[in-house]
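Dear colleague,

I am passing the structure below to you for your records. Please look through it first; a summary of the findings follows.

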Amino acid sequence: MVANGDMVTGQGRGAPHRARGLQSRLQRLADVFLLLALPCVPPPTMAASTVDIAAVVGFTDTYQPGRWTPLNVTVTNHGGDVAGELEVQVTGGDELRNRLFLTFHRRKLELHRDSRKTLQFTVFLQGLSHPLVIRVRSGERVLARAEIDLRTRVAAERLVLVLSRDADLDYLNDGAANGLRVLYPHPELLPVHWRGYDAVAAIVVHGISLERLSGSQFDALHKWIAQGGILAVSGGPDYALLRSPRLSALLPGVPLGMTRMDGSVLQRAFSASLDVSRPVHVNRLGTFRGRARLRAGTVPLIVEHALGLGRVLYLTFDVAGYPFDRWNGMRELWLDSLRLPPAPKLSLSAPEPVLASPLMPLIRAQTANFASHATVFYFLALYLGLLLAGYGLSARQTRRRWLASLWSWAPMVLFAAAAWLLFGPTVFPRGANAVAAALIEPFPDSIYARLALDVGVYSNRSGALRLEYRGAEPVLYPTRQAQRDGNAENWVFGEGPQRFLEPLDRRRYVLHQLEGEDVITFNLNASVHDEAAGLRLVLDNASGRTLKDLWLVFDGYAYELGSIEAGARVERGFVRRTHGLEVGEAPWKRLLKPPPGRPVQTMEPTRILLERKLREMRESGYPGRGHALLIGYTENPFRPAGASAGWPRQEQALIAFRVAALPGNAAAGKAGKGLLEPGNVDSDRQSPGVRDAAAGANRRR
Amino acid sequence: MRSNPLVTEVLVGITRAGKALLDYLGLLVLQAVVLFLWWPKVGVAQMLESQHGPHTLAAAVMAAGVAMAYFALRAGAEEVMLPGQHGLRDWALATPLGLGRVLRAYLLGQLVHSLYLLALSSPLLLMAFTVSGGEWAALAWCLAAALIQAMFYRLCGAITHLTIGQHRGESYFAVRAILLLVYVPVGWLAPLTSHVAFTSRVLGESAATRPAFAAVPDEVVFLAAYAGLSVLATIALHRLLARARRGMAGPRDGAAFGEAVTS
């Protein structure tokens, strides 16, 4: 028994040992598997370290505070595939009074393993004390974060961009107030939105082709010129570059070849100080649009052509070649040719008074309102009366018990349904609304127009308010009024193929407002001829939109044009006494009638839009002496799209086209197109000194 | 549900006219007045200018909550009874039904009755809902809170009735004192247990700005608090009924009624 017992004991001791050994082996095996499995599941911190962010602010990492500027962000992915969002956080507002607000610019980002992507944003950098914060997110997880210190990247001067391989225009640098700073950005990093050129005074193109730019970059450049930018293109031996489609579309004329100029001729044209010891070749032009600002004999040397509100200069000689690369007079020649206007006031912090927003009157005029108190009273009275009647019926102990039971339930069921129908979504839609008021100002001699926008979103229920839109790509910012009052909100702006805007405040019954500006394609050409018999208007509506309730205002008289269909070309004569409606300087704003089917209150936003314009143009008047104004309505180019396409919206778009009236028959048959003239017409043969005086006089005017 | 005689009484009672319905109609008039007073007096544009939406729904829900609580308290104290309805004491003392079953059916009957009262208020609530911009989920939370609060007050009323008995004057003042004391000071001192504060939080403008993680606890805390209080009140009621039953030698009062029910 003992032996047996020992044996049993022995077995009893050995079995746990074996079991423990097996258990420890299994544990070790499990540890090995765990160690092998660990690299397969990288922790978030490891994943984050595989994404790098690099950013270039403005042009060659230089920007001007208080201006819109391009921001190129390059994201490099060293790890696995990334699908998420790239977010740029910009701090704006009044730092002294601690009234700051944030704007978040977001773009979708998909990056495969070991790949890199550069995305461009157009941001408004108001100050420099708060860094730009850039994040790469995947859902709620931040994969990478970078802070860009703005203090080291500031330029106070206006910028001159030189797109060239070898030109040196550093002599234009001027550190004085309102001075210039020359930068040489890489063409691939130029803005994709015209507003990105906000700080730029002029662009010089030398020896490169604009075909290198992407479609959006070229559009941005074209729009920037149309809204008032200055482009100067230098000629040179490689004139084939200037015959490329994009440049030839912008230039006043296309070079046909080279022509040889003697030094003495050039000295007469430029200055005796120009050191020319041998002949120089310049580009030879045939016919060109615009006018020659400088000639040497019959050869145009500087030709200028207006493009919308901007100008394109063509310098037919090589500005960086012999003998101009060593001439001291180049700075003066540039400044004289460019005629840079004074720097505009900072876009958002201009101290001029701001009129009330047109959005509220638009909402007031077009939004369905709550049911009146009388309706509510009658409804409640009827319901309670019916319940009381039901009570009376039941109290009478009628034999029809089923009728009493019916009366106990029927009123509430009926009135619940009626309440929903009478006060519910059919008459008072629940959810998000979009409001947009737009002022479209076509540029003369251009296919573009300036779009000034007031956009608002609100909802009568709480929650996210994400408005997706299309039709325009404006830069958007909290209203100037809100910024001045210090109550600007925080916003998210989605860029990329599907643009959106979203206030971060999710309260209901709060109107979230933005202002925006854009340059849109709106090809409207008009010429007004002030003839002895009266006025003659030639209007070519190639805008693709119908113009409604159009009026022509000129010299204290208004002429009704009615609707002009898309694609229509109209030529009309007006006799002042027969067709004209005498109006004063200001009351013409009352001419506009509300669009068909709209109440009279809809005029209020229009009045505000025009009043704003009037204040903006207070020095020259609006439309101003010698100018006619075409005013009317059209459809708003800014439209909700995508998930927001079904949002109820209140909108209004006003066209205001300011046209210089031409005396007599000066431009018969012309409908806003630039003149195509032979090279020897309208030349400016003055010497640089005389030109300076003339330019000064022009500026004073 | 219909097999339970207490619930059947309620279902039959609400189809008949009686003092209870007339009393609640009075409360419904009060709710209608609240709705009318809180109906937006200005247009949408002015609301947007002031950046404050209408508080119509919150006011209507608060009014419905108070009305249901007051009515439940009175019903619990047997001040108002549905036509043909018997008191809780009768059910407990005059029938051989188990107290647990009686109490379960009593609570279920109260729930059915509260739902009926809610249905009576539904047109008013829907009207307020359409203009106030609330969410369905938030409204559902508020109504659930009103229901469970009414349950608690019903039990309080029943306890009052069992402790004070048939002394009408004392019962009358006790019921109103409970409503005033519990509704106002408790709500003031512990806002998490106040239906008014709860509705204001869930349907008010601050609802949109509350952090997401705080959204659930608020609602759950209220419901849990009143559910807990109701459980405690039910236990107290059970003990009172048990003591009353023990004090009875047999079903003396209402013996006929007991026989009728058990048969």
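This is a predicted model: local features need pLDDT of at least 70, side-chain atom pairs count only at pLDDT 80 or more; totals for chains, interfaces and linings use all residues.

Leaving aside residues up to four places away in sequence, A:A438 touches A:L451, A:A452, A:L453, A:N636, A:P637, A:F638 and A:A653.

On one side, 37 residues of chain B are in contact with 39 residues of chain A. Helix 2 (19–38), helix 3 (44–50) and helix 6 (99–132) of chain B are the elements that give two or more residues to the side of chain B that touches chain A. By class, that side of chain B consists of 24 nonpolar, nine polar and four charged residues.

A further point concerns the strands of chain A. Strand 3 (residues 82–94) and strand 4 (residues 99–111) of chain A run antiparallel and are joined by 13 bridges. Within this pairing, A:T91 is placed opposite A:L102 of strand 4. The two strands form a hairpin with four residues between them, and A:N98 in the turn has a positive phi of about 55°. Strand 3 of chain A is also joined by five bridges to strand 6 (residues 132–138) of chain A, again in an antiparallel arrangement. There, A:V88 has A:I134 in strand 6 as its bridge partner.

With kind regards

Definitions and conventions. Residues are numbered from 1 along each chain as its sequence is written. Chains are lettered from A and ligands numbered from 1 in the order in which they are written. Two strands pair if DSSP finds at least two bridges between them. Two residues are in contact if their C-beta atoms, placed from the backbone, lie within 7 Å. Ala, Val, Leu, Ile, Met, Phe, Trp, Tyr, Cys and Pro count as nonpolar, Asp, Glu, Lys and Arg as charged, and the others, Gly among them, as polar.
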